[in-house]
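Walk through this structure from the whole chain down to single residues. Keep the model open as you read.

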Amino acid sequence: MSSIPAPPKSSIAEERVNPSFPVRELTYWIDGGRRVTELKERIMLELERDPLWRVNDHPNLSLAETRERAMSKIRRLADLATSRPLEETMTRMSIISVVDPGFWTRFGVHFGLFFGALQGQATPSQMAYWMDKGALSMQGITGCFGMTELGHGSNVAGLETTATLDERTDEFVVHSPTLTATKWWIGGAAHTATHCAVYAQLIVKDQCYGTKTFVVQLRDTKTFALMPGVNVGDLGKKMGRDQIDNGWIRFTHVRIPRSHMLMKHTKVTRSGDVIEPPLAQLAYGALIQGRVSMVSDSANVAKRALTIATRYASVRRQFGGSASAGASETKLIDYPIHQYRLLPLMAQTFAMIFTAREVTANYEKLMGELSDLGDATGAAADDVIKNLKETHATSAGLKAFCTWMCLNIIDQCRQSLGGHGYSAYTGLAQAYSDFAVHCTWEGDNTILTLQCGRYLVATALDARKGLPLPENLSYLRGAVSATGGLSGHACKGDSAEQVSSLDTLKSAWSSVAANAILNAVRDFEAGLGKGLSKDDAYEFSSASRLHAARMHTYTYLLHRFAAQVDQSPAALRPVLTLLAQLFGAHSAVQHSGEFLQSGFYTGSQIETLKGFVSFACSEIRKDAVSLTDAFNYTDYVVNSPLGRFDGDVYEKYFELVTSLNPAKPVPYFDSLIRPLLERTDETETGPELEIDEE
């Protein structure tokens, strides 16, 4: 007697009975208040009801159709972006980044990168000029961002494109001197952009002053013909985000007015004098924005992946049950191994959500300080520079590890769907392809991690000299002894409550991060002891620097998560505390060797911590669906039949597949299949051989 399949709708409905927390209140807390939640819901409904924003047929579109549909959305959104309040525009874009990430990139290239370059690097008069030309409204100008080259990406200082001042004509001559100087991966260049914010080496009177930004016109704004000396090509099919028309650009002695160099920081006069800013680091403040935004992107995309995987696990039944009694099979979410597979990812996602909130607020505060500072110097400027360095390093580490974390979450969720995860229609295969680029754009993750590690080593050396520690490294005060080694703090007690408390986990991660930083410092100093230069000593210690950045970033995530738990409403605190504990404990188990090495946990305490992880997963399992409900993505945004709110996964999956792939004659039947079936074998067969019987 076969088992009786339980109706999927009732399977998911029973998951929502008596959650341990008020779901709507958690949504408000995640979003930042009821008003923001209601704004998001209005925008999601508008997108869902707009035929232009259909997304469920994306897997069936060709490259040309994908790009054409993305462009059809530009006009409408451009008008909305300039006519609606900034908060609404930013909220709309955060939702679109999940709904249609490729379009979000195409739109964001102009508004986020090109216009962002103007905002961060143009003087007030230059900004007024480009605004008048239509740089904000896209009325007369569509922009792209020309930083990366065929031979250079993360090493911006090594870019080969040149911009040489011609004092006779008061112009810059922009040129690609080599093949590897060709601008590469330039979103919007292939089909869309009329202008480009080009990063090039400033050369005045045969002297190079480093990489600066120049606005170069690519196409005639009336005829759309390429400007003299400009060559553009299409990079074609990519791993993901086909909506964006990435291209290459080569410049052959292209002349632009001197005023088209963005001169908020470095200035070049008519007579060829170069005036460098007193605080050169300020020019890089705007570059942090992309890294900060990707922490939020990672959280938002992870929320969608977990919604799909968790809801499917709550309706999919596999094995178990008593066939003789006709009982239903067991839900995937009821298997401990499936809980262990998904629920630590849930904890990671909440850690990213709350960290993104804090790092975004810190970034906005910093940019306000930079704006108020102007060209001032002195103690106030020194404090701002310290904050800039800290934010730069922190955002570099967070960008790297949050994007790596999210990419893993997407793929683990995809694999948890079993064979259905391989289908383009279930939502996670394309999500993986679209998100993978986050690990290399705005700085390759490994390079960014090393930047963070370099800052950690330099800061630890400064602290040894008695200089004050920045807030995000304050844990070093308690973890490092007066002699420069670990202070010897260790976990006291062997019970699960003692080993896994949030305070204990914060101390544990502080100890491990401090140990990793001290190891990196020792490797750096060993390099110096070998007679290496400072830069070469940093390279000598690169492996330990990367590891230190990893441990520091996990520590930062846990501390930010714990801070948000402390500030959360009382009704939410128990479930959020458990999630924070799961994040800290599971991450510790995954890196258990580090905790043993630092001496914070013993082997038996690690075993206790493993037991706590299993316990926490079983407890959070009871609220798993309710936690994804609190993410508050509509079925339209989730865009997966397996992640439907009502649990009707099989009906909707079948309907989607059959509607997008209607039965029709096979186009190559007569040319290929029929000849295969009707071919004749013209060779003679050999005689049948009898098997000798012994």
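Helices (H or I, at least four residues) and strands (E, at least two) are DSSP runs, numbered from the N terminus. By that count, the protein chain has 24 helices and eleven strands. Its radius of gyration is 29 Å, close to the 26 Å that the globule rule gives for 694 residues, so the chain is as compact as a globular protein of that length. The radius is taken over C-alpha atoms, and the rule is 2.2 Å times the number of residues to the power 0.38.

This is a predicted model: local features need pLDDT of at least 70, side-chain atom pairs count only at pLDDT 80 or more, and totals for chains, interfaces and linings use all residues. Residues are numbered from 1 along each chain as its sequence is written, and side-chain values use heavy atoms, with hydrogens and water left out.

Start with the overall dimensions. The C-alpha trace spans about 95 × 75 × 70 Å along its principal axes. Accessible surface comes to about 31300 Å², and carbon and sulfur atoms hold 54% of that surface. These areas come from the Shrake-Rupley method with a 1.4 Å probe; for residues, only the protein chains shown count as cover. Buried residues make up 52% of the 694. Buried means under 20% relative accessible area, exposed over 50%, and partly exposed in between (1.4 Å probe, protein chains only).

Next, contacts and charges. A contact means heavy atoms within 4.5 Å. Among contacts between residues at least 6 apart in sequence, 76% join residues at least 24 apart. The chain has 68 positive and 76 negative side chains. Lys and Arg count as positive, Asp and Glu as negative; His and the chain ends are not counted. The centres of the two sets lie 6 Å apart, with each charge placed at NZ of Lys, CZ of Arg, CG of Asp or CD of Glu.

Now go to Ser11, in helix H1 (residues 8–13). Ser11 is buried, at a relative accessible area of 1%. What does its side chain meet in a polar contact? The partner is the side chain of Arg317, at 3.2 Å. A polar contact is a pair of N or O atoms within 3.5 Å; within protein, one must be able to donate a hydrogen and the other to accept it, and residues adjacent in sequence count only if both atoms are side-chain atoms. Leaving aside neighbours within four places in sequence, Ser11 also contacts Ala6, Ser314, Val315 and Lys331, among others.

His195 lies in strand S5 (residues 195–204). His195 is buried too, at 6% relative accessible area. Its side chain makes a polar contact of 2.8 Å with the side chain of Thr194. Not counting residues up to four places away in sequence, His195 touches a list of residues including Phe114, Trp130, Cys144 and Leu218.

Two loop residues come next. Most residues other than glycine have a negative phi. Asp206 is not a glycine, yet has a positive phi of about 70 degrees. Asp206 sits in the loop between S5 and strand S6 (207–217) and is exposed, at 79% relative accessibility. His253, also not a glycine, has a positive phi of about 50 degrees. Its loop runs between strand S8 (247–251) and strand S9 (254–257). At 51% relative accessibility, His253 counts as exposed.

Tyr455 takes you to helix H12 (residues 445–464). Is Tyr455 buried or exposed? At 16% relative accessibility, Tyr455 counts as buried. Beyond four places in sequence, Tyr455 touches Lys389, Glu390, Ala393, Pro470, Asn472 and Leu473. Ala549 is 94 residues away in sequence, and its C-alpha lies 9.1 Å from that of Tyr455.

Gln498 belongs to helix H14 (residues 496–500). At 38% relative accessibility, Gln498 is partly exposed. Its side chain reaches the backbone nitrogen of Asp494 at 3.3 Å.

End at Leu502, in helix H15 (residues 502–529). Leu502 counts as buried, at 13% relative accessibility. Residues up to four places away aside, Leu502 touches Leu558, Ala562, Thr577, Ala580 and Gln581. Ile74 is 428 residues from Leu502 along the chain, and their C-alpha atoms are separated by 47 Å.
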